[in-house]
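Q: Could we go through this structure together? I would like to discuss its aromatic rings and a few backbone details.

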Amino acid sequence: MKVVIAVDSFKGSLSSMEAGRAVRTGILAARPDASVIIKPLADGGEGTTDALIEGLGGRKIAITVTGPMGQPVPACYGYLSASSTAVIEMAAAAGITLVPPEDRNPLTASTYGVGEIIQDAVARGCRNFIIGIGGSVTNDGGIGMLKALGFRFLDKDGRDAGEGGQALGKIMSVDTHGCNHLLTKCRFQVACDVTNPLCGKNGATYIYGPQKGVTERLLDKLDKDMAHYAAVTAGTLGSHYANVEGAGAAGGLGFAFLSYLGASLSPGIDLILDAVGLREELADADIVVTGEGRLDAQTAMGKAPAGVARLAKEYGIKVIAFAGSVTREASACNKAGIDAYFPVIRGITTLEEAMKPDTARENIAAAAEQVFRLLDG
């Protein structure tokens, strides 16, 4: 029997790989002859860097970058030397959690620090990039990131147009000559789970701007300035990405990646499953095991375990899921390709006790052992 395990983290308790190893312990207790493969799992959002570092043998790089409001902030990214890959979460440098609500200002908030992380990774030899862009506090169209990479955005007098959303309407030309020439050798894969275009009522500013400090008075002007920036970009590069799905992600950062860095935008789970090589292990697998801390209706709507199940079903493989807790609505997971799911809690307990790592490991292993005692193969 060959079993492939790809379990999301049990947040606050076990990492993806820790949970996977607990499942493996249980499987081998029931089936000592089983071949068990563990793959890290994440969805491109928070925790993706840690999951891929642990699962793919990378290391964490700590640097100080320019935060969204211009202040220095500590940031980290993952470095997978074997494949010259950097794993970056945009939120480390320009995330909404870095700025208290009362201090958020879309006119000045910048993605400059994101570009600094990329520059550092390029200097270390990275040529492949996996970048999650969820949770930004910016609405600058990605110009901050691009400026850190050497692009220049100039006003009518040929001077720097500035930072943040207030600069977008001032841009009259773009100078690409000073950009890092190594960027042309880099491949950018961006985890993007939104489909918003750059501009308009369904665009970056109108949909996500208010949570970043965009007032009702500013909405129309910032949206028009974003469209102006897109037009100047199109005139400079000859590319037209403003209406592409995902261009509006992270305050227009998706547009910047598409237009200036030739990136591809993919749903986070698809990108991660490809990065960890899950498909390659499925051709001769008998069972796939997935799961997460809580299985509910949201799980079936595109979260990581559902992505694993969808891929497994392409090969006709049965899928089992384990979870710390299971809601009534989790039955939707069966329709999403998970053949059976099992809560791992074995008795009345407190949440605090259940989430202790040692307790969680024991519970997951015990549940997996009992399930696999029933399986033939």
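**Aromatic pairs and backbone angles**

Q: Is Tyr-260 buried or exposed?
A: Tyr-260 is buried, at a relative accessible area of 10%. Please note that the model is predicted.

Q: And how many aromatic pairs are there in the whole structure?
A: The search returns seven aromatic pairs. One of them joins Phe-153 and Tyr-260, with ring centres 5.8 Å apart and planes at 65°, so it is edge-to-face.

Q: Which parts does that pair tie together?
A: Phe-153 belongs to strand β7 (residues 152-154) and Tyr-260 to helix α8, so parts 107 residues apart in sequence are tied together. Phe-153 is buried, with a relative accessible area of 1%.

Q: What about Tyr-229 and Phe-255?
A: They form an edge-to-face pair, 5.4 Å from centre to centre with 75° between the planes. Tyr-229 is in helix α7 (residues 216-237) and Phe-255 in helix α8, so this pair ties together parts 26 residues apart in sequence. Both Tyr-229 and Phe-255 are buried.

Q: Which residues do ring pairs link into a cluster?
A: The cluster consists of Phe-151, Phe-153, Tyr-229, Phe-255 and Tyr-260.

Q: Changing topic: what is phi of Ala-250?
A: Phi of Ala-250 is near 55°, a positive value in a residue other than glycine. Ala-250 lies in helix α8 (residues 249-261) and is buried, with a relative accessible area of 11%.

Q: And where is Ser-84 found?
A: Ser-84 sits in the loop between β4 (72-80) and β5 (85-89). Its phi is also positive, near 50°, and Ser-84 is partly exposed, with a relative accessible area of 27%.

Conventions:
Residues are numbered from 1 along each chain as its sequence is written. This is a predicted model: local features need pLDDT of at least 70, side-chain atom pairs count only at pLDDT 80 or more; totals for chains, interfaces and linings use all residues. Side-chain values use heavy atoms; hydrogens and water are left out. Helices (H or I, at least four residues) and strands (E, at least two) are DSSP runs, numbered from the N terminus. Buried means under 20% relative accessible area, exposed over 50%, partly exposed in between (1.4 Å probe, protein chains only). Rings of Phe, Tyr and Trp (its six-membered ring) pair if their centres lie within 6.5 Å; planes under 30 degrees apart count as stacked, over 60 as edge-to-face and the rest as tilted.
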